[in-house]
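Keep the structure open while you read.

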Amino acid sequence: MPDPLPICLSAASLFALACTGTGHAQTGHAALSPPAQERIGNERIVVEGRREKRRSGWKRAESEHVQMLSDGGEAELKRAASDVERLHRLMVRLYGPDVQSGETAKIKIILIESAPAYRDMALRNLRSEEGPYVPPFAQQRYYDPRDDGAVLVLPRSDQIIDLDTAKARNAFCDEMGPDLLLAEMTCAEVSNRPAPVARPWEAILFSAYAQHFILNYLPAGYPRWYLDGIGALFSTVRIRRDGALDYAKISLVNRQVFRSYGRLNVGEVLTGRYLDAPSRQMEWTPFHAALLVHFFVYSDLKPERRAQFRRYMTAIHQGTPMAEAAAVFGDMRKLQREVSAYAGRNGLDYARTGPPELPPEDPSITLLSPASAAMLEASIELESRLDASGAHADTDGWIEEVRREAEKFPGDADAMLVLAEAECRGGRYLECREAAGRALDSSRDDVRALSWKGLALAGEAAEKKGDKRLDELRIGRATIARAIGLDGDALQPRIAYFQSFVLAGEQVPDDAMAGMAQVVRMVPAAPGPRLSLGTELIRRGEPDLARKLLYPVLFGPYDSPERKQAEAMLAASGVASPKG
């Protein structure tokens, strides 16, 4: 059998291959201060939405960095994909010196028809969570940095922000107190309840993509509030007719949001206390996060404050608890006054880039087959139904539903591939092999089908003994090797080849280690490949290299099943503390 990747690497070389561009975990300079832009002040617009009501079958837009699917209109889909590419270009220009070199796997973005349809999917955010935001702002999108590429799901419907809260009414009554006494009226008689405002769904899309960009091109540990704020600031991107982009806007809506949900409590956020216990003063929203990041990144900070912020971020990159890292700011009451004064300005500056020399190419548009459209929901739900351990209370019933749906399209490779993945991920290797074989009947060189079939063969062989075990493992790996030979850039064959040794309880060879290192480079935000590679580095007696590889998993903004496994694994390996 030819070697899938015929090179032999040391543990140190593997780490260098996997971790190129992750030095930010050490330096703390990633994504802190974009280069100066032309400043334009006193923004006066409020959020507004625009809708296309045409409906059609599912379509796929493919562009340089994005694969986007929608059952809406083609013009809307094409515009959304192009706008995300414009945002990508902007962020590359802003963070260029720090951006990890090399390409990463395309993100798959699925636009769901409505908020109720999205909620009905009941997706569980296992590896990401904004906020935690107050309910009106929570659960607006699903993001999962999966092993073979990130998935983002959101509804194509505007977010309605309720501003009529008890805090808003109390603030109004406090302000009107003297006048009410003179008029001999109660606050209830003159109460001016603010109307709700709409936040366009495109803002949620831009916010999620900006966070995805940071996590993938600048992988490191970040406090969650910082990722929330980056997303909120880039959610305000406005694309002008000439292609120029405005961004990092703080609109007048912010002031009303603070009246309705409380003023930003700087100390509770920087120390992380807001994550553990609800604040009486402040309910956390994207607008609070945007203000704090705007203050630290886009204002004319005093050199002392800028240095403090860098030291704070560096400490968190290295695993220092937020409360301990925040000590660098000194008197938090003084910092609170500075941020409050900044928030009270008549207008906060925002940035604009000039028109691009060349506009992004139009994305290609294709129609999904009926089978692909029918199986789309199952492919989205897969991680929510089968967590990192392959277990979930509803696993058996859900896989049965997937089987029934797939059987409606017995000759369709895409339908069988979704079924094969669900079966393999659930540990049903015989059923996985059968589904992958049926996909190969339709497309004999399908790389994903070969990968799942080879992994299924390895899983079945792992349960056997003697020569039969060895022969079937060899056949399974040869099947995966064929997939690698057909597409050397595909991620699934590399993952399957690596897992074939894990399933068999065998030491992972260097070529499989190098292949997984390549996967880590292609999906930097995915914790799964990092954990797999880190586990083998520990088995090879390299726990320090494993720890460095696992920095984004251990100290990233989001919890995950892989984080718990990594912490337990490092503790068992004898590493006294994961702190950098």
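H21 passes H22 in a left-handed crossing. A crossing is left-handed if the near helix is turned anticlockwise from the far one by less than a right angle, and right-handed if clockwise. The model is predicted: local features need pLDDT of at least 70, side-chain atom pairs count only at pLDDT 80 or more, and totals for chains, interfaces and linings use all residues. Residues are numbered from 1 along each chain as its sequence is written, and side-chain values use heavy atoms, with hydrogens and water left out.

**Helix packing**

- H21 covers residues 466–486 and H22 covers residues 491–503; they pack at about 165°, with axes 9 Å apart. That angle makes H21 roughly antiparallel to H22 (over 145 degrees).
- Helices are DSSP runs (H or I, at least four residues) and strands are runs of E (at least two), numbered from the N terminus.
- H21 brings Leu473, Arg477, Ile480, Ala483 and Ile484 to the contact (heavy atoms within 4.5 Å). H22 brings Pro493, Arg494, Ala496, Tyr497, Ser500 and Phe501.
- The residues of this contact divide into eight nonpolar, one polar and two charged.

**Salt bridges**

- Side chains of opposite charge can pair when their charged atoms come close.
- A salt bridge here is a side-chain nitrogen of Lys or Arg within 4 Å of a carboxyl oxygen of Asp or Glu. By this rule the count is 33.
- Arg141 and Glu130 form one of them, at 3.5 Å from N to O. Both lie in the loop between helix H4 (115–120) and strand E5 (142–146), eleven residues apart.
- Arg141 is buried at 5% relative accessible area. Glu130 is buried too, at 17%. Buried means under 20%, exposed over 50%, and partly exposed in between (1.4 Å probe, protein chains only).
- Glu283 pairs with Lys167, the closest N and O atoms being 3.5 Å apart. Glu283 sits in the loop between H11 (273–276) and H12 (286–298) and Lys167 in H5 (residues 166–183), so this bridge ties together parts 116 residues apart in sequence.
- Glu283 is partly exposed at 26%, and Lys167 is partly exposed at 24%.
- Glu407 bridges to Arg438, with the closest N and O atoms 3.0 Å apart. Glu407 is in the loop between H17 (395–406) and H18 (413–425), while Arg438 is in H19 (residues 429–442). The two parts are 31 residues apart in sequence.
- Glu407 is partly exposed at 41%, and Arg438 is partly exposed at 28%.
- Shared partners join Arg127, Asp144, Arg146, Glu383, Glu421, Arg425 and Glu562 into one salt-bridge network.

Methods. Axes fitted to C-alpha atoms, helices over the stretch in contact; angles between N-to-C directions. Parallel < 35°, antiparallel > 145°, perpendicular 65-115°, else oblique. Nonpolar A, V, L, I, M, F, W, Y, C, P; charged D, E, K, R; others polar.
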